[in-house]
Structures are given as structure tokens and as C-alpha cells.
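Good morning, and thank you for joining this group meeting. Please turn to the sequence and the structure on the screen.

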Amino acid sequence: MNLLDSSGWIEYFAEGPDAEGFGAVVEDTANLLVQTIVQHEVYRWADREGGEPAASRAIATMQTGAAVVLDIDLALASARLARQHRLPTADSIVYASAQSRGATVWTQDEDFRDLPGVRDFPKIKVKPGA
């Protein structure tokens, strides 16, 4: 099972340098989990970048995976992981969601670096004028 965090989805939708790698995960819908906090973050980004039509298309694509909803058990697990790994709230929810389902987190977010069960693709920085 695989769970993309917001940075992976945004890289995919923005057709960034690592979009192809994340695309392979997105297309494997039988093994795709989508945390609802990630849907929230990606919807906000897509709406800001391309308006409601882009945001709706992003959510439609994300709904091809199985939704992971924050319940009390997951909330408490994420709070423990946030403290243990010094993760921000949304990242701890993503990580707890993946851990609870034996899934791999796919990300470009440095907050996940060196955590077990994470595939980290460091963001490629494009130099201006390059």
C-alpha cells in the first residue's frame, strides 16, 4: 500500500521533475491510500493555482484511491508520532495513517526524512533562468 503526502500530489499535478515517479504510485489505484487531510491541502493548493475546476479535477483523481479518515484512534496515534518524531500535525496524521495500514509514505517533505516506511524524493530546486 502507498500513501502520497501533499508534496507528492502537488508535484504530480504541477508536472514537476519528479511527477513521473509519483504518477506510477497514483496510477496503482489498487494500492493507493489518500488521507483526507491531504485532500484538504491539495484542494487548497489547486484552487489557489488554477481555481475551482483545477481543484475539482485534483480531488476527482485523488478519489481513485481509498480514503483514510481521521478518527480518534488515528488522532491519538498521530499525536504520539508527532511528539516522538517532532512532526507537524498534518505530517503526523499522514505518517500515522500509513503506519496503521502498513503503507509506504511517498513524499518530498523534509519532515519525513529518515523515518521508516518513507520514500523520500528530495525536491529538485530549479535555478532561475535555467
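**Helix H5 and two further residues**

Nine of the 12 residues of H5 are buried, so H5 is largely enclosed by the rest of the structure. Buried here means under 20% relative accessible area, exposed means over 50%, and partly exposed lies in between, with a 1.4 Å probe and protein chains only. Helices are DSSP runs of H or I of at least four residues, and strands are runs of E of at least two, numbered from the N terminus.

This is a predicted model, in which local features need pLDDT of at least 70, side-chain atom pairs count only at pLDDT 80 or more, and totals for chains, interfaces and linings use all residues. Residues are numbered from 1 along each chain as its sequence is written, and side-chain values use heavy atoms, with hydrogens and water left out.

Which residues of H5 are buried? They are Ala90, Asp91, Ser92, Ile93, Val94, Tyr95, Ala96, Ser97 and Ala98. H5 covers residues 89-100, and at 1.5 Å a residue its 12 residues should span 16 Å; the end C-alpha atoms are 16 Å apart, which agrees. The expected span is 1.5 Å times one less than the number of residues. Just after H5, Gly102 takes a positive phi of about 65 degrees.

I turn now to Gln39, which is found in helix H3, residues 36-62. Gln39 counts as buried, at 15% relative accessibility. Leaving aside residues up to four places away in sequence, Gln39 touches Val34, Ile59, Met62 and Gln63, where contact means heavy atoms within 4.5 Å.

Finally, Glu27 lies in helix H2, residues 19-27. Glu27 is exposed, with a relative accessible area of 61%. Its C-alpha atom is separated by 8.8 Å from that of Thr64, 37 residues apart along the chain.
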